[in-house]
Amino acid sequence: MPRTAAEKIETGLRAEEIGYVAPPTELEPTGVIGEDEKWVELLDFWVEEEVSWGSALLVYISDRYDVPLSEAYFNTDSFAKSMIARFDRLEDPDCVVSFN
């Protein structure tokens, strides 16, 4: 079901709040989240732009698939957790990451 006007406004406000930067078209993922390497490249783009990658991902998903932020969160939760672990390991290769 497409977003309501209020949900579109909520997404727009979140985008403004975080300083959302739309990714270039060459980073547009075409495959399933977590399986297409473009998703990781997309997050790396936001990290380089110094935008909260987690919030930017929610805005991106909300706009791209016309879903509310809450649904975007639900649909990206596992992927986001795996990316948190990835970024933690990049910062500290000896770290132990667990979400249990």
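These entries record what I looked up about helix packing, salt bridges and one loop glycine in a predicted model.

**Entry 1, ground rules.** I worked on a predicted model, in which local features need pLDDT of at least 70 and side-chain atom pairs count only at pLDDT 80 or more, while totals for chains, interfaces and linings use all residues. Residues are numbered from 1 along each chain as its sequence is written, and side-chain values use heavy atoms, with hydrogens and water left out.

I took helices as DSSP runs (H or I, at least four residues), numbered from the N terminus. I looked up how helix 2 (residues 38-48) and helix 3 (residues 53-65) are set, and found that their axes come within 9 Å and cross at roughly 125°; axes here are lines fitted to C-alpha atoms over the stretch in contact, and angles run from 0 to 180 degrees between N-to-C directions. The two helices are therefore oblique to each other (under 35 degrees is roughly parallel, over 145 roughly antiparallel, 65 to 115 roughly perpendicular, and the rest oblique). On the helix 2 side I noted Trp39, Leu42, Leu43, Trp46 and Val47, and on the helix 3 side Trp53, Ala56, Leu57, Tyr60, Ile61, Arg64 and Tyr65, with contact meaning heavy atoms within 4.5 Å. These residues divide into eleven nonpolar, no polar and one charged (Ala, Val, Leu, Ile, Met, Phe, Trp, Tyr, Cys and Pro count as nonpolar, Asp, Glu, Lys and Arg as charged, the others, Gly among them, as polar).

I then turned to helix 1 and helix 3, which pack at an angle of about 150° with their axes 10 Å apart, and that makes helix 1 roughly antiparallel to helix 3. Their crossing is left-handed. Thr11, Arg14, Ala15 and Ile18 of helix 1 meet Ser55, Ala56, Leu58, Val59, Ser62 and Asp63 of helix 3, a contact that I sorted by class into five nonpolar, three polar and two charged residues.

**Entry 4, salt bridges.** I counted four salt bridges, taking each as a side-chain nitrogen of Lys or Arg within 4 Å of a carboxyl oxygen of Asp or Glu. Arg3 pairs with Asp63, the closest N and O atoms being 3.0 Å apart; Arg3 lies in the segment before helix 1 and Asp63 in helix 3, so the pair ties together parts that are 60 residues apart in sequence. The side chains of Arg3 and Asp66 also meet in a salt bridge, at 2.9 Å from N to O, and here Asp66 sits in the loop between helix 3 and helix 4 (69-91), 63 residues from Arg3. I find Arg3 buried at 11% relative accessibility, whereas Asp63 is partly exposed at 44% and Asp66 partly exposed at 24% (buried means under 20% relative accessible area, exposed over 50%, partly exposed in between, with a 1.4 Å probe and protein chains only).

Within helix 2, Glu41 forms a salt bridge with Lys38 at 3.6 Å between the closest N and O atoms, and the two residues, three apart, are separated by about one helical turn. Glu41 is partly exposed at 31%, as is Lys38 at 27%. Salt bridges that share partners join Arg3, Asp63 and Asp66 into one network.

Lastly I looked up Gly31, which lies in the loop between helix 1 (5-18) and helix 2 and is partly exposed at 30% relative accessibility. Leaving aside its neighbours within four places in sequence, Gly31 is in contact with Asp36 and Trp39.

Methods. A crossing is left-handed if the near helix is turned anticlockwise from the far one by less than a right angle, and right-handed if clockwise.
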